[in-house]
Amino acid sequence: MKVPASPLLLGLAALLPACTSLPKPTVNATGAIPQAGGIELVGGPADDGDWQSAILADLAARGFSRSERADYLVQLTTARLPGGTGLFAPQDKADEKTWLVPPTRSRSAELRVYTLVISQRETGRELYRLVGQEPVKQGRPGVEGQLLQAFLTQLDGSTATATARP
């Protein structure tokens with residue numbers, strides 16, 4: 001039985017977007033957002049684009065404001081990791097380690113990573129960490145707004161009643 005080529009091509013064309021689309025952004029939080037107070041930005045440039053402004057605006061809406069006598073240190077970082085790499089970090093116990101950002105399976109997809117860390121100024125103890133990641137095909141523009149939206153959604157859903165890491 002002969003099958004016309006056009007229905008076969010239409011079926012294959014329908015599968016193509018599913019094969020080429022990248023996974024959606026993922027965001028993971030540990031700890032709890034502390035009570036509102038003064039913050040000081042550390043560890044990076046004073047302004048690192050629209051995403052940093054959006055995060056600072058969200059924190060300001062929660063009652064955090066920049067201060068010379070800050071209660072908390074806030075670190076905002078962005079990174080682009082090459083395909084096949086990730087970020088590995090120790091946990092509270094020396095023998096337990098976990099992936100902050102697991103490596104991608106594809107070497108042709110980079111990872112765009114946003115990180116927010118809020119630490120207690122007096123002790124340096126980390127109170128809250130939010131890590132967001134989004135695969136981006138090399139040579140193709142990414143949709144940075146999706147990662148920012150996922151990051152802000154997780155930040156807005158976080159409450160001070162969550163259990164903080166000791």
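A salt bridge is defined here as a side-chain nitrogen of Lys or Arg within 4 Å of a carboxyl oxygen of Asp or Glu. The structure is a predicted model, in which local features need pLDDT of at least 70 and side-chain atom pairs count only at pLDDT 80 or more, while totals for chains, interfaces and linings use all residues. Residues are numbered from 1 along each chain as its sequence is written, and side-chain values use heavy atoms, with hydrogens and water left out.

## Confidence and overall fold

The predictor's confidence in each residue is given as pLDDT, from 0 to 100. For the protein chain the average pLDDT is 75, and 69% of the residues score at least 70.

Secondary structure is taken from DSSP runs numbered from the N terminus, with helices (H or I) of at least four residues and strands (E) of at least two. The protein chain has three helices and eight strands, arranged along the sequence in the pattern α-β-β-α-β-β-β-β-β-β-α. Among contacts with a separation of 6 or more, 71% come from residues 24 or more positions apart.

Burial is judged by relative accessible area: buried means under 20%, exposed over 50%, and partly exposed in between (1.4 Å probe, protein chains only). By this criterion, 32% of the 166 residues of the protein chain count as buried.

## Salt bridges

Side chains of opposite charge can pair when their charged atoms come close.

| Salt bridge | N to O distance |
|---|---|
| D58 and R62 | 3.8 Å |
| R80 and E110 | 2.9 Å |

The bridge between R80 and E110 connects two strands: R80 lies in strand β4 (residues 72–81) and E110 in strand β7 (residues 109–120), so the pair ties together parts that are 30 residues apart in sequence. R80 is partly exposed, at a relative accessible area of 44%.

In the pair formed by D58 and R62, D58 is buried, with a relative accessible area of 13%, whereas R62 is partly exposed at 28%. D58 belongs to helix α2. Leaving aside neighbours within four places in sequence, D58 is in contact with L152, L155 and D156.

V42 is found in the loop between β2 (38–41) and α2 (50–61), and is partly exposed with a relative accessible area of 27%. Its C-alpha atom is separated by 6.5 Å from that of L73, a residue 31 positions away along the chain. Beyond its neighbours within four places in sequence, V42 is in contact with L73, V74, Q75 and L76.

Strand β4 also contains T78, which is partly exposed with a relative accessible area of 36%. The C-alpha atoms of T78 and T115 are 6.4 Å apart, although 37 residues separate the two along the chain.

S108 is placed in the loop between β6 (97–101) and β7. S108 is partly exposed, with a relative accessible area of 35%. Between S108 and G83, 25 residues apart along the chain, the C-alpha separation is 5.6 Å.

## The largest pocket

On a 1 Å grid over the protein atoms alone, a pocket is an open set of points where a 1.4 Å probe fits, with protein on both sides within 12 Å along at least five of seven lines; lining residues have an atom within 4 Å of a point. Grid points are joined across faces, edges and corners, and a volume is the space filled by probe spheres set on the points.

The largest pocket has a volume of about 260 Å³. It is lined by 15 residues, of which P23, T104, R105, L111 and P135 are the closest to its centre. The elements giving two or more residues to this lining are β7 and β8 (126–137), and β8 gives the most, with three residues.

The lining of the largest pocket divides into eight nonpolar, four polar and three charged residues. In this classification Ala, Val, Leu, Ile, Met, Phe, Trp, Tyr, Cys and Pro count as nonpolar, Asp, Glu, Lys and Arg as charged, and the others, Gly among them, as polar.

Conventions
Contact = heavy atoms within 4.5 Å.
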